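Here is a short briefing for a reader who is meeting this structure for the first time. Please look over the sequence and the model before reading on.

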Amino acid sequence: MKMIVMRFGLRAVVAGAAALAVLTLAGCGGSSANGSGGGKLDVVASFYPLEFIARTVGGDAVHVTTLTAPGVEPHDLELTPKQVGAIATAKLVVYEKDLQPAVDEAVEQNAKDAGFDVAPAAQLEATGADFEEHGDGAVAPAAHKDNALDPHFWLDPVRYAQVIKAVEEKLAAVDSANARGYHERAKALLDQVGKLDTEYKTGLASCTLTTFVTSHEAFAYLAKRYGLTMIGIAGFTPDAEPSPARIKEVQDIVKAQHVTTIFYEELVSPKVADTIANDVGVQTAVLSPIEGLSDANSKETYLTLMQENLQELRKANGCS
């Protein structure tokens, strides 16, 4: 099966960012694909959620090269020869198999020993989201929807924590001389992600609405973890054009369940979300799939974006 991928409060945000500032500062430099680590461990991360882990846990012991540039949808990634060279010379390539075919191919051909697939640690499941590519916007057959594994593990803090632990252990194994630092920084990050999970549990425990509508089905793990129901407009592929029948179906759901907000994402045009919202008289807002950063949110982190998502969900669903 072909996989196509895209793809509580201010105090908590500030505290989380401050607690990690010391850990991430040293690792934030040099994301170019030149493979020059200056004596540090050369690590390649395929897209932002894995980059954040590599930089935060790696700290000043690693030099991180990011394959997916800000503003680029991960599923649109095409590697340059320079990036393939960075993969070939890296000591560790952190990626999620079946997420970005170009990365899978480059690792298979150039970095079999250095490649580290995080999918097993994430314990991916078939969430029922529409993962098949349909040029006409048709809905995937039920059998396909039941069998496809959802790659969006990072939007579930519990699954994200599992991947943090796996990357921590891999870094320590590859670079045992700096293992203590990796363990210390991983513990600090895991503490923050654990707090995030708690805040989601309490923040979404009592809501007037439990259904939310998004531009594509990236939030199934999050919805399942915290007792919500996700309705995706375009299915799995974020920039796919939904069929008129699907748009009508979503409009009917919005009306019947009194949904207040149509969510779109920062890296994809909000045109379809705006159209549906205008037709049924509701508002739109951003719910970030955190697949990558853009110029508009380049100062954000995984933690702050997840906090903003929580606040938007609480507002849209009338959570007390």
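Predicted model: local features only at pLDDT ≥ 70, side-chain atom pairs only at ≥ 80, totals over all residues.

Residues are numbered from 1 along each chain as its sequence is written, and side-chain values use heavy atoms, with hydrogens and water left out.

**Overall make-up**

- The protein chain has 12 helices and 8 strands, taken as DSSP runs (H or I of at least four residues for helices, E of at least two for strands) and numbered from the N terminus.
- The protein chain has 320 residues, and 56% of them are buried, that is, under 20% relative accessible area with a 1.4 Å probe, protein chains only.
- Carbon and sulfur atoms account for 52% of the accessible surface of about 13700 Å², computed by the Shrake-Rupley method with a 1.4 Å probe.

**Aromatic pairs**

- There are 8 aromatic pairs in the structure, meaning rings of Phe, Tyr and Trp (its six-membered ring) with centres within 6.5 Å, called stacked under 30 degrees between planes, edge-to-face over 60 and tilted for the rest.
- Y48 and F52 make a tilted pair, with 6.2 Å from centre to centre and 40° between the planes; both residues are buried and sit 4 residues apart in helix α2 (residues 48-58), about one turn of the helix.
- F153 and Y160 are stacked, because their planes are at 25° with the ring centres 6.4 Å apart.
- F153 is buried at a relative accessible area of 0%, and Y160 is buried at 0% relative accessibility.
- A cluster linked by ring pairs takes in F47, Y48, F52, F153, W154, Y160 and Y302.

Notes: Buried < 20%, exposed > 50% of the residue type's maximum accessible area, 1.4 Å probe, protein only.
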